Amino acid sequence: MEENKVELFIMIKGKYFRNYQLPEIRDRMKKADASTQAVIQTLDFKEPTIMLVVSILVGQLGIDRFMVGDTGLGILKLITCGGLGIWTIVDWFLIMGITKDKNMEKLQPFLY
Amino acid sequence: MTTSRNTLYVTATILCLSGYLYLLVIYVLHQVYGIDAFGVCMMKGLTTIPCPSCGSTGAIFSLLKGDVQGALTHNPIGLFLAVIMFITPVWITRDVLFKKETFWRFYQEVQTLFRKKTIVAAFVLLVLANWAWNISKTFPL
């Protein structure tokens, strides 16, 4: 994979991942072949800031959890009134990290 | 994968424990201090509109008295919740004791089930209908 493209990817999509994951993503992407590179470019990642807004607005209904793919926990959050309101508040702080982890989970099969 | 499994077990345990603690607090407040209303729902507190699961506490207490019909009128989600709260601790303890991961596998199966559009649509419709009923109970026409 061309070095410029990797740097561009890291620059544009860097905010979708945790900071400590970036060097590894950069290394792995440089080693990846052209077809993998093409697939990675088309991957659709979730924006952590948008998830935070969703979590603040409708987190009580578990919609943030549904959106990141934790359907089971989303249902639990919905039927427990957002975990008695406590889980809702906890998720305001966790959801950005969770989104970044889910993005990494999505990228991982193409890197290894 | 191990971390997600452990996260699920810890989350479910914390949820169940806080659920039982909450029920205990409500019960003590009712019995000792005679306080009935104890709203923890942020949505109801902020907007006065009840959330889809408001009324579950009442439903569980009705169920404990053996009044299933009363529980259903409070909120049917309460019944579902009561079943989950009863089964989950037993299931998790069994899994931990026998070093199995049946609960984790069941959770994953539920998640796979919810990838089907028809099931998601049915679930959303049910929740919305129940929510509309819940709102109509608070603000009768």
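1. Read along the sequence, chain A runs α-α-α-α-α-α-α-α, with eight helices and zero strands. Helices (H or I, at least four residues) and strands (E, at least two) are DSSP runs numbered from the N terminus. The model is predicted: local features need pLDDT of at least 70 and side-chain atom pairs 80 or more, while totals for chains, interfaces and linings use all residues. Residues are numbered from 1 along each chain as its sequence is written, and chains are lettered from A and ligands numbered from 1 in the order written.

2. The C-alpha trace of chain A spans about 50 × 20 × 20 Å along its principal axes. Of its 112 residues, 37% are buried (20 or more other C-beta atoms within 10 Å of the residue's own, with C-beta atoms placed from the backbone; 12 or fewer is exposed, in between partly exposed).

3. At the interface, 15 residues of chain A are in contact with 21 residues of chain B; contact means C-beta atoms, placed from the backbone, within 7 Å. The largest share of the chain A side, six residues, comes from α6(A).

4. The largest nonpolar core has 20 residues, and Leu76(A), Ile79(A), Cys41(B) and Cys51(B) have the most contacts inside it. Such a core is a set of buried Ala, Val, Leu, Ile, Met, Phe, Trp, Tyr and Cys residues joined through C-beta atoms within 7 Å. Its largest share, five residues, is from α6(A).

5. A second, separate core of six residues includes Phe17(A), Ile25(A), Ile40(A) and Leu107(A).

Notes. Contact = placed C-beta atoms within 7 Å.
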